[in-house]
Amino acid sequence: MSQRNAALVLILLAVVGLGLGRTGMSSATFVSRTTNTATVSAASDWTPPTVSISDPGSSVQGTVTLGATASDGETGVASVEIQYQPVGGSTWVTVCTDTTSPYSCSWSTTAVTDGQYDLRARATDVAGYATTSTTVRTTVANNIVVVLADPGEVVRGTVPLSATIYGGISLTWTVTIEYAPTGTTTWKTACGNLGLLGGTYSCSWGSTAVASGDYDFRAVAKATGGNTYYSNVVSLVTVDNTAPTVTMTDPGSPLSGAVTFSATAADAHSGIASVEIQYSRGGGAYQTLCKVTADPFSCRIDTTTLPDGGYAFRAIATDVAGNTTTSNTVLNRTVDNTVSSVSVDDPGAYLSGTVTITATANSTAGVTSVRIQRAPSGTTTWTDLCTDQTAPYACSWSTTTVADGLYDLRAILTDGRGTVTTSATVAARRVDNSPLRGFDVQTANGTGTAGKVDNGDTVTFTYSEPVTLTSIRSGWNGTALAVTARLRDGNVSGLGTGNKGDTLDVLVGGTAVNLGSVNLKEDYLKSGKTVTFNATLTAATVTVNGVDRTVVTLRIGTVASGSGLRTVSNVSAMVWTPSTAATALDGTACSSAPVTETGASDREF
């Protein structure tokens with residue numbers, strides 16, 4: 001190989017490594033396309049700029065100066081856009097674009113309607129990377145404006161409510177705060193006759209007087225001898241004074257080795273925030289065994305960390321509103337680790353390639369050996385995978401040596417006395433070595449709010465090899481296809497994935513395309529809500545490290561129907577479950593093995 005070609009290969013490997021391992025962005029990076037020519041380039045700037053917007057104050061009028069601060073330690077800041085959007089709106093409007101520091105512009109507030117606005121700045125560096133600042137909120141009040149403070153997404157018990165009047169400070173006002181079930185205009189008084197001279201008007205509302213559900217709120221201000229003014233409407237406030245339901249599952253008795261403790265919980269309104277599983281030994285005070293924030297509400301505990309003896313178990317469920325319920329108590333369960341115990345750790349529902357099967361074994365007489373076995377599911381035709389005499393007890397199993405299908409796993413412990421103990425069976429683990437499978441799933445934020453699914457965001461699905469595109473959608477050749485992106489809260493009937501299991505799939509004319517679905521592993525929607533977006537689907541074949549793969553890109557557009565979107569600040573790793581209806585070029589069906597997003601966990605969209 002010539003020195004010039006060797007140098008090109010080194011640059012190519014550097015680009016691949018940086019693209020696939022890069023943190024802070026949710027996107028897949030590819031180094032070449034299957035065309036007659038390929039271009040490889042490297043950038044000297046891989047870090048987006050930093051940017052923040054200055055707070056102009058709680059209210060503004062006339063012409064006001066908006067300022068931002070931005071910096072970039074590598075190629076420098078190219079430009080800063082300063083933008084505004086009405087609170088609850090979906091379109092950001094650019095006030096100005098400034099290319100020199102200090103970054104600022106004049107905003108003529110008389111050109112917009114009085115009311116509340118969010119402001120932000122968006123900085124772009126010379127390399128083309130962009131960062132959007134956090135937002136600040138202000139009220140445009142060129143005339144008299146009434147603003148109702150947001151009481152929060154979920155409320156319970158006594159709820160503080162407040163309204164502020166901008167302008168008309170010399171007038172005497174009577175303020176009433178009203179509520180109505182969301183989707184209606186049946187306004188009722190929450191707090192009335194809040195009479196003060198100018199400023200902020202507040203009260204406490206007893207939410208237990210209404211049924212749990214979603215409500216809208218507004219404030220009505222009447223000037224003595226003058227006009228009546230209405231505030232903004234704060235929509236979709238969930239009132240939840242209903243406690244969740246929770247049931248502790250009997251873990252059995254006696255308990256030894258690694259044991260799964262679990263509970264079932266549900267909440268019809270704000271959703272389950274956490275389930276705490278507790279234990280009491282010998283009638284003593286309850287202590288926390290584990291606290292789980294996502295369904296299934298379970299944890300696997302090594303009971304050798306607990307003293308032997310009699311125990312009681314219970315679970316406490318807390319919903320997002322803060323209501324709690326204590327479950328039934330499971331009494332007279334015994335922890336006994338004075339005898340041999342052995343269990344197989346679940347390797348997962350889908351197995352491919354070479355996997356490690358591990359077992360946990362304990363014996364007061366000492367562990368002589370642990371034999372790990374497999375059998376076709378539902379049979380007694382057990383075959384040894386290995387025998388291990390030292391902890392940790394594990395086998396490497398090449399699943400390509402067996403036919404695809406369901407398999408059971410177990411472990412057999414022989415202790416120092418020669419006594420044999422057989423573990424419970426880990427049943428129906430699927431071996432699937434299909435050549436076509438999901439390879440990766442990633443998201444990227446467009447120009448909208450970070451952490452919120454909105455216009456311009458993308459989702460990228462990468463397969464392990466080229467896919468017959470007509471198997472994803474009949475007649476499709478990969479060019480732009482108008483689709484509907486459906487985002488459903490995990491508590492929607494039929495999904496059952498919980499608060500942090502909001503799910504995205506793609507439809508055409510109400511029928512799902514054969515991409516499968518993505519569990520976003522976070523709470524992007526209010527409980528029980530569904531939002532659909534106008535979207536576009538494209539596909540291309542790319543080459544990564546010499547391997548051809550199909551990449552399908554979903555570009556989110558405007559909201560088509562529904563409401564209740566949330567902004568997520570947590571990091572997570574999505575899980576894509578591909579459809580088996582998609583096929584490789586040779587007709588082989590795609591594996592349905594779930595694919596977890598690669599790279600460091602990040603903030604999606």
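This is a predicted model: local features need pLDDT of at least 70, side-chain atom pairs count only at pLDDT 80 or more; totals for chains, interfaces and linings use all residues.
In what order do the three strands of the open sheet come, and is the pairing parallel or antiparallel? That's where I'd like to start today.

The order is 20-21-24, it's an open sheet, and the pairing is antiparallel. Strand 20, residues 245-248, and strand 24, residues 297-302, are at the edges. Each of those has a single partner strand, so one side of each has no neighbour in the sheet. Going from one strand to the next, the twist averages 20°.

Let me zoom in on one of the pairings. Strand 21 covers residues 258-266, and six bridges join it to strand 24, with the two running antiparallel.

Cysteine 299 is in a disulfide with cysteine 290, S to S 2.0 Å. The torsion about that S-S bond is -75°, and the link is left-handed. Are those two cysteines buried or exposed? Cysteine 290 and cysteine 299 are both buried.

So, disulfides. How many does the structure hold? Four. Number the bonded cysteines in sequence order and the pairing reads 1-2, 3-4, 5-6, 7-8.

Let's go through a couple of the others. Cysteine 96 pairs with cysteine 105, and there the sulfur atoms are 2.5 Å apart. The cut-off for calling a disulfide is within 2.5 Å, so keep that in mind when you look at this pair. Its S-S torsion is about -85°, so this disulfide is left-handed. As for burial, the threshold is under 20% relative accessible area. Cysteine 96 has 16%, so it counts as buried, and cysteine 105 is buried with 10%.

Then there's cysteine 386 with cysteine 395, where the sulfur atoms are 1.5 Å apart. The torsion is -80° about the S-S bond, left-handed again, and both cysteine 386 and cysteine 395 are buried.

To wrap up, we have an open antiparallel sheet in the order 20-21-24, a disulfide from cysteine 290 to cysteine 299, and four disulfides in the structure. That's it from me.

Key. Residues are numbered from 1 along each chain as its sequence is written. Side-chain values use heavy atoms; hydrogens and water are left out. Two strands pair if DSSP finds at least two bridges between them. Helices (H or I, at least four residues) and strands (E, at least two) are DSSP runs, numbered from the N terminus. Axes are lines fitted to C-alpha atoms, for helices over the stretch in contact, and angles run from 0 to 180 degrees between N-to-C directions. Buried means under 20% relative accessible area, exposed over 50%, partly exposed in between (1.4 Å probe, protein chains only).
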